[in-house]
Each structure stands twice: as structure tokens, then as C-alpha cells.
Amino acid sequence: MRFTGRTAVRAAAFIGSLVLAAGCAASGGGTADGGSGSGASGGTSGAEQKRKTPETARGTLEQLAARTECEPQVQTDAEELRQGVCTTGDGRYVLTTFATAGGQRSWLTEAKPYGGTYLVGEKWVAVGEPGMLGKLRGRLGGAVESGASHSGDSGGDGGAHAHSGGDGHEGHQGHG
């Protein structure tokens, strides 16, 4: 099935949020900084981390995934974006490439309210646990960005929300 326009953006954001929910539930959370390691693991300075981060990679979904030793399982193949799920020895993540920078910005705008951590490159985004994104950053470069914080949820699910249909905002009553 091919997606177009907003449907592709929403489907991609939904798939990314599912991977995040599964990862958070399995790991019990993680660091919020998404950097390439813990600040407590030997005192690596910001300057040292910056030197270790490669120039931001460019390429197709398959070319970027290959840099992480993954053959992506393509989930969305639309004119506006392509998205695949990658599972490596380091963990699981979702990689999305975009036809335009504007499409990437729109996708991030739609996805960030769901929370999570994003590794953002030029016309691509990787979504996964912060520790996984730190490892990806060492191979792909890019910048780590965070979505909305859902740490105030009382459901004890680590911020994962049910997405069983509708508009994807279940459990969000009471805003306002």
C-alpha cells in the first residue's frame, strides 16, 4: 500500500512512536540527552564527543542503514518519505528519509508531541532509545532532538500511549 501526503507523515510518526513505546517499556527508560554515552562513563568532555561525531551522513534509506550495518525492513515507501525498521546488534530503531527538508520539518512537527528522542540529519531522522541514537550518531552524525516529555503520566507505562485508532490522542483528556 502506498501512502501520500499527510497520511504518510502520520503513518510514519505512528510507526516511530510504536518503536519508542516498545523500547521504553523494554528498557525501563534511558538518558534524556541521547548523547553518544553517559556523562558518568569516564568523563568524556563535550569537545571530545564533538570530535568523535562524524560529518552528518547523506544518502538513501538503504545507504544510511548500511552505515549502521542494517538492511532496513521498509514500512513506508511514498514519494514524500521512505521509512524502515532496523535491528542491529546494538538495538532497534526506525530510519526515515525525506524528499525535501520541508517534509522533514513537517514530520518532526507532527512526531514530537508523541515524545521520544530523534537523531536528525539532512533529510533523514532516526527514532529510537537515547542510548541507541548515541551509537547511531557515532556512525551517521546528526543532532539529537527531544520530543515532548510525558514523564508526568500516572499510568506507569514509561510514557507509552495506546494508539488503537482514532486520532492517536487517547489518554490526553484534561488538557486546557
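How many bridges join strand S3 (residues 91-98) and strand S5 (residues 124-128), and in which sense do the two strands pair? The pairing is antiparallel and extends over 5 bridges. The views below are taken from a predicted model, in which local features need pLDDT of at least 70, side-chain atom pairs count only at pLDDT 80 or more, and totals for chains, interfaces and linings use all residues. Residues are numbered from 1 along each chain as its sequence is written, and side-chain values use heavy atoms, with hydrogens and water left out.

**View 1. Overall architecture of the predicted protein.** The protein has 5 helices and 6 strands, where helices (H or I, at least four residues) and strands (E, at least two) are DSSP runs numbered from the N terminus. Along the sequence these elements follow the pattern α-α-α-β-β-β-α-β-β-α-β. Of the 176 residues, 38% count as buried; buried means under 20% relative accessible area, exposed over 50%, and partly exposed in between (1.4 Å probe, protein chains only). Among contacts (heavy atoms within 4.5 Å) between residues at least 6 apart in sequence, 57% join residues at least 24 apart.

**View 2. The open sheet and its S3-S5 pairing.** The 6 strands form an open sheet in the order S1-S2-S3-S5-S4-S6, with antiparallel pairing. Strand S1 (73-77) and strand S6 (143-146) are the edge strands, each pairing on one side only. Two strands are taken to pair if DSSP finds at least two bridges between them. Neighbouring strands are turned by 25° against each other on average, direction ignored; axes are lines fitted to C-alpha atoms, for helices over the stretch in contact, and angles run from 0 to 180 degrees between N-to-C directions. Val 127 in S5 is the bridge partner of Val 94.

**View 3. Helix H4 on the sheet, with Gln 104.** Helix H4 (residues 101-111) lies across strand S2 (81-88), S3, strand S4 (117-121), S5 and S6, and runs at about 175° to S4. Gln 104 belongs to this helix and is buried, with a relative accessible area of 7%. Leaving aside neighbours within four places in sequence, Gln 104 is in contact with Phe 98, Val 120, Gly 121, Glu 122, Lys 123, Trp 124 and Val 125.

View 4. Leu 95 is located in S3 and is buried at a relative accessible area of 0%. Beyond its neighbours within four places in sequence, its contacts include Leu 61, Leu 64, Ala 65, Trp 124 and Ala 126. Leu 95 and Val 127 are 32 residues apart in sequence, yet their C-alpha atoms are 6.5 Å apart in space. Thr 97 is also found in S3 and counts as buried at 9% relative accessibility. Among the residues that Thr 97 touches, not counting those up to four places away in sequence, are Thr 60, Leu 64, Arg 82 and Trp 124.

**View 5. The nonpolar cores.** A nonpolar core is a set of buried Ala, Val, Leu, Ile, Met, Phe, Trp, Tyr and Cys residues joined through side-chain atoms within 4.5 Å. The largest has 15 residues, and those with the most contacts inside it are Leu 64, Tyr 93, Leu 95, Leu 119, Trp 124, Ala 126 and Leu 136. Two or more residues of this core come from each of helix H3 (61-66), S3, S5 and helix H5 (130-140), and H5 supplies the largest share, 4 residues. Apart from this core lies another of 11 residues, among them Phe 98, Tyr 118, Val 120 and Val 127.
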